[in-house]
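Here is a briefing on a structure with its contacts, domains and charged pairs. Please read it with the model open beside you.

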Amino acid sequence: MLLASIILHAVQPIRNERSTASIYHLLQGKRSAQTLQDAHMYGLTNLFGIYPKLSRELFDQLAQDLLENKIQVTETPIPYFDGMAYQSQTDTFLYRLLLLLQMLSNQANGEKHYIPVTDQAQVQYWVKQLYRQKQLQLGHWRSCLYEELYGLLEKLPEMQAGLFVDRISGYQHIGLTAAQLAVKYNLQVVDVPLYQTSTIHYFLDQVRANKSLFPYLGTLVEQPKQQSHTITSTAHKTRMMLERGLTLDQIAAARGLTENTIKDHIVEMTWLEGRRLASRFIGEADAAVIMDCAEKTGTNKLKQIHATLNGKYDYFQIRMALALRNEQEVET
Amino acid sequence: MKTDLQQALKKYYGYDQFRTGQLEILESVMQNRHTLGVLPTGTGKSVCYQLPAFMRSGQVIVVSPLLSLMEDQVKQLRAKGFKRVAALNSFLNYEDKQQVTRNLASYDLLYVSPEMLQNDYLISRLMQLEIQLFVVDEAHCISQWGKEFRTDYLRLAEVVRTLRNPPVLALTGTATPEVQTDIQHLLGDLEMEKHIYPMDRQNIAYFVQEVQDQQEKNETMLALLRKIQAPTIIYFSSRNMAESVAALIRINMPDMACAYYHGGMENEDRILIQQQFLAGQLQIICCTSAFGMGVDKEDVRLIIHYHLPNDKESFIQEVGRAGRDGKESVSVVLYSTGDWQIPVHLIEQDLPEQSSIQQLMRNLYQRVKAGMTDLPAYELILQHIPIGETQWRFLLYQMEKHDIVKGNQLQYNAQTWKDFLEQIEKLVGDRKKHKLVQLQRMKEWVYTDTCRRQILFAHFQRTVRPASGRCCDNCGDTLQDWETVPVSVQQDAAGWREQLRFLLQQ
């Protein structure tokens, strides 16, 4: 079972430092500073937001059963994911693709009346625009999309390619539901969306790496609005104010938030953007001491580091240093 | 007018001919008369209000209690190219609701749930429209003697008055003469032109088979499915059973494409399954009563009741999904004596317990005494008293009727509260009794040894027409010589490569 294997994989680095709920937030893609930090700190960025519809109840039950060894699962290899890079684009890309394929398939057969596979107004609008603009080239679109998809699916495991194609609705053929796909491919229903997400992440990655090879699929990718790596918008506001020279307490007062929340934002941005803001809050030498301590004691637990260093640094400083350590790893 | 209507039918639906009753009801509606239409399932009731919406100016408002049916119809209409249609119900999020409410005039056809009509803002917006027709769909819900009773429906008369009495069209698939009178009365004693059509379908044969236990039931069902290989719907009273029997069929008959369908599934999935059945990708659907409304598939040959519904009306409606193309079709009921426990249990769950009502009134009394006369929200009530939301709405309506609640304020008067408790006890008792009588009639039909047609339709129409083919087991008919006309079920393509090529016509 894939979900079980993913949970077991994520539990390892987190060890006893964070609750299993943090894994839920990670998979579900909760946009909080804490979850983003967890993803970076424990090297799990690829799993961030890969299962937005995961039910909490189901997760809790499964995680508990796994950790108490109540159930044995055969380990399933984890397919390609890059949640941190693609989770915000996955849904739009997937539904644009499904609706576009449905439209092209029906249009090729002169069928105008069909129920669209998605209700999302923005996706419908996007496909409609494309239809208006490319009306005379739809046949060309059909064969080029076919070529691009075929090439990508060939490189995926057969089952994953099958799961993707069987979901497509087109002319006189309706796609299968997750429950039907699970029966057909002998999977657990909960694993079906995971494989589908993996396929989309793979598509997005290939399209990004080889733009010239996938000009048609490339147009389906929604351009991210701002280049800040998945920084939460509230953290973004904090940054603007910091850049204008406001102090922590001034920002907190102005935004009606607690100082701790503002500190969360700063730590989050440090994880994602590195040193830029950090120097105002922790010197390089101090950061080095803390990183060193974390490495020697082999923990990321704030409380333990705080105690080992005899309370010399407060929790905020320790979190900043740990966030910076992430940057160093990337640099080397 | 007839030719206008016929041309419109051709233009919007591509049909040459009206089905039974449609033309008569349309003619009455187009002359702005209040109309009551009782049309058996499968005759296309929606045409009776969709055509006026296409043909005339002004809005058509359709009140319907079936939210998913509403959604389906809106989708189907949009797929046909008719975009000036919307549905207002609790499925919508706040923004979409606002969006629709603000632009009411830009729709020709508007589906509304009865709860939404409780909203004063919506009513005030509706008052600004030119409503050409106010449709009460599933109108039997207004009568407590109907198969399904909705207290929200009781307020419709008031809504019609507030909207300055537009022409009303009340539609239902099943209504005894008793219920017909109730509909007319509770919609404000409207003078209505009545169009009542018989419910008996001559091309459906009825068979009932007793089995000892579930295992025998499954075996009998599988044998039947092997014999009659044709589009089939199997009804269950529980979602779990529908799912597990669907799995059983898949294992035993891998060549017969089979899926389950129930109200607990996501909307997106429900539409996919429905469409697969229509497209012929699925041969068998295992479902609860949630399936069928608005599914216009002509060649369903076999309806199996793995569990029976609580009343004959529901049964007739479910069986009526077979043989819409006029060809001979079959209803088979499988029952074991233990089955009768389930509906009795469901009936008891449906209505509030006397102790809960007393507890509720005590709670409200304490609030009044503490000076809190605001009517508490349902969520708040639920924290203290175990009571379902439909039960709460039922009681709320009764409290308003007895002047215990006025404009969201509680009004205490010892005598009225005492009277209320007594009357509500009687009302709940009556309703329970009525439901058990309905169940009893269903049961009698199962155990009868005379013609099943005669007994099934006895309460609904004076004369029952003879069957066009087989009649029923009690008349000596069997399925032994049923000839299977093999239907081609769309088989899965060999693999994804071929499938992708087919989809994109490469």
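**Salt bridges within the chains**

Lys70(A) has a relative accessible area of 54%, so this residue counts as exposed. The model is a predicted one.

*Around Lys70(A)*

- Lys70(A) pairs with Glu68(A) in a salt bridge, with 3.3 Å between the closest N and O atoms.
- Glu68(A) is partly exposed, at a relative accessible area of 44%.
- The pair belongs to a network of salt bridges that links Asp65(A), Glu68(A) and Lys70(A).
- Side chains of opposite charge can pair when their charged atoms come close.
- Over all chains, a search of the whole structure finds 24 salt bridges.

*Asp339(B) and Lys217(B)*

- A salt bridge joins the side chains of Asp339(B) and Lys217(B), at 2.8 Å from N to O.
- Asp339(B) sits in the loop between strand 13 (329-335) and helix 13 (341-350) of chain B, and Lys217(B) in helix 9 (residues 214-227) of chain B, so the pair ties together parts 122 residues apart in sequence.
- Is Asp339(B) buried or exposed? Asp339(B) is buried, because its relative accessibility of 16% falls under the 20% cut-off.
- Lys217(B) is buried as well, with a relative accessible area of 3%.

*Asp473(B) and Arg452(B)*

- The side chains of Asp473(B) and Arg452(B) form a salt bridge, at 2.7 Å from N to O.
- This pair links distant parts of the chain, 21 residues apart. Asp473(B) lies in the loop between helix 18 (452-457) and helix 19 of chain B, while Arg452(B) is in helix 18 of chain B.
- Arg452(B) counts as buried, at 3% relative accessibility.

**Interface of chain B and chain A**

*Extent*

- The contact involves 30 residues of chain B and 39 residues of chain A.
- Together the two chains bury about 3,100 Å², with 58% of it on carbon and sulfur atoms.

*Polar and charged links*

- The rule finds three salt bridges across this interface.
- Glu158(A) and Arg497(B) form a salt bridge, their closest N and O atoms being 2.8 Å apart.
- Twelve residue pairs are in polar contact between chain B and chain A, both residues at pLDDT 80 or more.

*Elements on the chain B side*

- Four elements of chain B each supply at least two residues to the side that touches chain A: helix 4 (67-79), strand 10 (258-261), helix 11 (267-279) and helix 19 (496-503).
- Helix 11 of chain B gives the most to that side, with eight residues.
- The residues on the side of chain B that touches chain A divide into 13 nonpolar, eight polar and nine charged.

**Domains of chain A**

- Chain A is divided into domain 1 (2-67), domain 2 (86-218) and domain 3 (233-331).
- The C-alpha centres of domain 1 and domain 2 of chain A are 28 Å apart.
- Nine residues from domain 1 and eight residues from domain 2 of chain A make the contact.
- These two domains bury about 830 Å² between them, 66% of it on carbon and sulfur atoms.
- Leu2(A), Ile50(A) and Tyr51(A) supply 59% of the area that domain 1 of chain A buries against domain 2 of chain A, more than any other three residues.
- Between domain 1 and domain 2 of chain A there are zero salt bridges. Three residue pairs are in polar contact there, both residues at pLDDT 80 or more.
- Helix 1 (residues 2-14) of chain A gives the most to the domain 1 side, with three residues.
- The domain 1 side divides into seven nonpolar residues, one polar and one charged.

*Trp417(B)*

- Trp417(B) is found in helix 17 (residues 414-447) of chain B.
- Trp417(B) is buried, with a relative accessible area of 6%.
- Beyond its neighbours within four places in sequence, Trp417(B) is in contact with residues including Met361(B), Leu364(B), Tyr365(B) and Gln411(B).
- A polar atom of the Trp417(B) side chain lies 2.9 Å from the backbone oxygen of Gln411(B).

*Asn300(A)*

- Asn300(A) is in the loop between helix 16 (284-297) and helix 17 (302-308) of chain A.
- Asn300(A) counts as buried, at 12% relative accessibility.
- Leaving out residues up to four places away in sequence, Asn300(A) touches Glu17(A), Met41(A), Tyr42(A), Ile305(A), Leu322(A) and Arg325(A).

Technical notes. Residues numbered from 1 in each chain as written. Chains lettered and ligands numbered in written order. Predicted model: local features only at pLDDT ≥ 70, side-chain atom pairs only at ≥ 80, totals over all residues. Heavy atoms only, no water. Contact = heavy atoms within 4.5 Å. Buried area = accessible area lost by both parts, 1.4 Å probe. Salt bridge = Lys/Arg side-chain N within 4 Å of Asp/Glu carboxyl O. Polar contact = N/O pair within 3.5 Å; in protein donor to acceptor, adjacent residues only side chain to side chain. Nonpolar A, V, L, I, M, F, W, Y, C, P; charged D, E, K, R; others polar. Domains from an automatic or database assignment. Buried < 20%, exposed > 50% of the residue type's maximum accessible area, 1.4 Å probe, protein only.
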